[in-house]
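Below are some notes for a colleague who is new to this structure.

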Amino acid sequence: MSVDQKREPVITARNVSIEYEVEPVVKAVRDVSLTLYRGEILGLCGESGCGKTTLAYGLNRLLRPPALMTGGEIVFHDKSGTDIDVRALDDQQMRAFRWDKVSMVFQGAMNSLNPVIKIRAQLFDVFTTHRPEMGNEEKEKRSRELLGLVGVDPDRIDSYAHELSGGMRQRVMIAMALALEPQLMIMDEPTTALDVVVQREIIREIMRLREIFGFAVVFITHDLPMLLEISDHVAVMLDGEIVERGTSEEIYTNAQHEYTRRLLSSFPSLTGERGGFVRGEEEVA
Amino acid sequence: MADDSAQQVRRESGGVLEVRNLVKDYKVRGAHKKIRAINDVSFTLEAGKTIALVGESGSGKSTIAKSIMQLVKPSEGQILLDGKPIARHGAGLRRYRKDVQMVFQDPFGSLNPFHPVGHHIERPLRIHRAVPEGMTIEEKVHELLERVNLTPAADIAPRRPHELSGGQRQRVAIARALAPGSRFLVADEPVSMLDVSIRLGVLNLLARLQRQENLGVLYITHDLATARHFSDEIMVMYRGDVVEQGPSDEVILNPQHEYTKTLLAAAPNPERIGQMRDEVRAEFAAAAAKD
């Protein structure tokens with residue numbers, strides 16, 4: 001199986017605005033529109049507080065008061081051909097939609113496993129909720145299969161979270177997000193807490209799984225060099241707005257927005273010339 | 001103050017911080033085995049030089065920092081300041097702390113939320129009696145804040161940490177570390193918690209202070225790119241051993257050890273746009289062709 005390369009959208013967000021209803025009101029996401037295509041990796045980058053996580057939560061309707069989506073629409077284009085208006089779903093429908101169509105790997109996912117129950121119970125939980133017809137034997141089989149897929153020894157199903165390394169915990173989280181073969185995975189800083197070697201292994205794993213299952217990914221991070229390296233498209237957010245969008249090549253070689261250029265210049269090149277990074281040449285930050 | 005002038009002399013003559021054959025074993029609770037966190041590490045940090053210590057999580061970087069700061073006791077080996085073994089208690093330890101200070105990774109955790117910024121800088125000044133004669137403590141606090149570009153100092157000093165941004169807080173942490181008149185700084189991932197757009201500003205600030213004060217800096221990081229640009233030497237650690245050590249350009253551009261190569265290959269590099277995707281696809285194509 002290979003990725004469906006046709007430019008077929010999987011989710012479309014139009015003019016989304018999200019506010020935090022506090023005093024004074026914080027406009028976290030302002031009039032953002034974006035389209036994500038099947039099998040595509042979209043890198044969403046920007047600094048803390050720019051609204052990238054809020055936007056991601058909005059796509060999956062995970063916002064909680066005081067956050068409120070004040071405008072715009074989100075349409076999910078299901079594989080079956082039906083379009084789902086995410087904002088119009090009632091609670092029951094939303095529950096069925098989430099994780100089945102769009103799953104999420106959370107920020108600090110290393111710490112999002114429950115520490116007092118085994119990995120097995122946490123994987124089973126997904127099936128119990130979404131695939132009630134599945135028997136225990138089948139769940140066990142599928143759970144082990146999932147662990148194998150993400151490169152964790154299936155026997156670790158009997159482990160507790162603290163018995164796994166950070167990288168392994170992250171892999172388990174990815175396995176969990178994969179469980180129902182979603183069409184879109186939102187990954188919010190999935191590798192920030194890991195060191196570079198493990199980070200690379202995990203990202204490679206994500207790329208490999210994408211080839212197998214053809215899901216689309218929204219990858220959120222502030223590590224622009226990494227995003228450029230792995231994404232098909234990159235969107236740069238600043239103060240709640242997407243200020244620039246393009247393919248990785250376009251952003252890297254021909255950034256238009258001043259902020260994107262500043263972000264790019266914030267990363268010293270590893271092997272290239274020192275460029276602007278002469279030690280002690282202080283800029284006023 | 002006699003102590004102060006002696007320190008002045010030492011600073012001008014430079015001074016060296018030397019780590020000799022350092023070993024640290026951690027006992028594992030409930031088991032009879034030990035974990036060797038650092039294994040026979042030696043290096044010399046000279047005044048005015050920056051050494052970057054790189055390696056993955058668990059490689060022993062922070063244990064070295066903690067040993068230097070005397071937050072853990074080495075199992076074997078010695079640490080020498082200006083050729084003399086460092087004091088482990090009493091007045092000698094206090095003098096050592098005046099010379100060697102640390103900047104921690106998390107500026108959100110290393111400042112006390114209860115106290116204003118000024119207090120954090122005043123404390124080391126008082127403890128180490130580091131205010132020059134003819135200057136009030138307030139003047140010295142303001143001078144230090146200005147030196148780390150926190151201006152106007154009179155505005156910043158009465159604020160509490162939560163009123164500052166991450167970058168500003170880390171500047172406070174740097175000012176605090178400099179307050180005793182330190183000659184050596186251990187900076188453990190000083191910018192990894194900060195937003196990318198302000199990281200370079202903080203690193204550049206550290207670099208300027210280092211030149212102005214002729215500091216010796218041990219820069220602990222896993223970001224190879226900044227390690228290269230901001231230090232004179234790089235030491236690569238892997239499972240407690242220093243596997244490679246040399247001038248920074250040499251280590252990055254011409255790595256010798258396998259692990260250094262792995263580390264370099266893992267660093268994100270926008271020059272390799274799409275390469276991983278293509279590699280993964282090629283693997284699948286090869287596997288399909290075999291079937």
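1. Buried area is the accessible area, taken with a 1.4 Å probe, that two parts lose on being put together, summed over both. On that basis, chain A and chain B bury about 4,500 Å² between them, and carbon and sulfur atoms give 56% of it. The model is predicted, and these values are computed from it.

2. The contact between the chains draws on 48 residues from chain A and 50 residues from chain B. Five salt bridges are counted between chain A and chain B. One of them joins the side chains of Glu211(A) and Arg281(B), at 2.8 Å from N to O.

3. Which elements of chain A give two or more residues to the side that touches chain B? They are four helices: H6 (196-213), H7 (224-230), H8 (248-253) and H9 (258-265). H6(A) gives the most, with 11 residues. By residue type, this side of chain A divides into 18 nonpolar, 12 polar and 18 charged.

4. The chain is divided into domain 1, which covers 1-101 and 184-285, and domain 2, which covers 111-181. Their C-alpha centres lie 26 Å apart. In chain A, 20 residues of domain 1 are in contact with 16 residues of domain 2.

5. The two domains of chain A bury about 1,500 Å² between them, with 66% of it on carbon and sulfur atoms. Three residues, Trp99(A), Asp100(A) and Phe213(A), supply 37% of the area that domain 1 buries against domain 2, more than any other three residues.

6. Asp100(A) also takes part in a salt bridge: its side chain meets that of Arg131(A) at 3.0 Å, N to O. Across the domain interface of chain A, three salt bridges are found. Seven residue pairs are in polar contact across the interface of domain 1 and domain 2 of chain A, both residues of each pair being at pLDDT 80 or more.

7. On the side of domain 1 of chain A that touches domain 2, the elements giving two or more residues are helix H2 (91-97), strand E7 (184-188) and H6. The largest share, nine residues, comes from H6(A). The residues of this side divide into 13 nonpolar, one polar and six charged.

8. To sum up, H6(A) gives the most residues to the side of chain A that touches chain B, and H6(A) also gives the largest share to the side of domain 1 of chain A that touches domain 2.

Note on methods
Residues are numbered from 1 along each chain as its sequence is written. Chains are lettered from A and ligands numbered from 1 in the order in which they are written. This is a predicted model: local features need pLDDT of at least 70, side-chain atom pairs count only at pLDDT 80 or more; totals for chains, interfaces and linings use all residues. Side-chain values use heavy atoms; hydrogens and water are left out. Contact means heavy atoms within 4.5 Å. A salt bridge is a side-chain nitrogen of Lys or Arg within 4 Å of a carboxyl oxygen of Asp or Glu. Ala, Val, Leu, Ile, Met, Phe, Trp, Tyr, Cys and Pro count as nonpolar, Asp, Glu, Lys and Arg as charged, and the others, Gly among them, as polar. Domain bounds come from an automatic or database domain assignment. A polar contact is a pair of N or O atoms within 3.5 Å; within protein, one must be able to donate a hydrogen and the other to accept it, and residues adjacent in sequence count only if both atoms are side-chain atoms.
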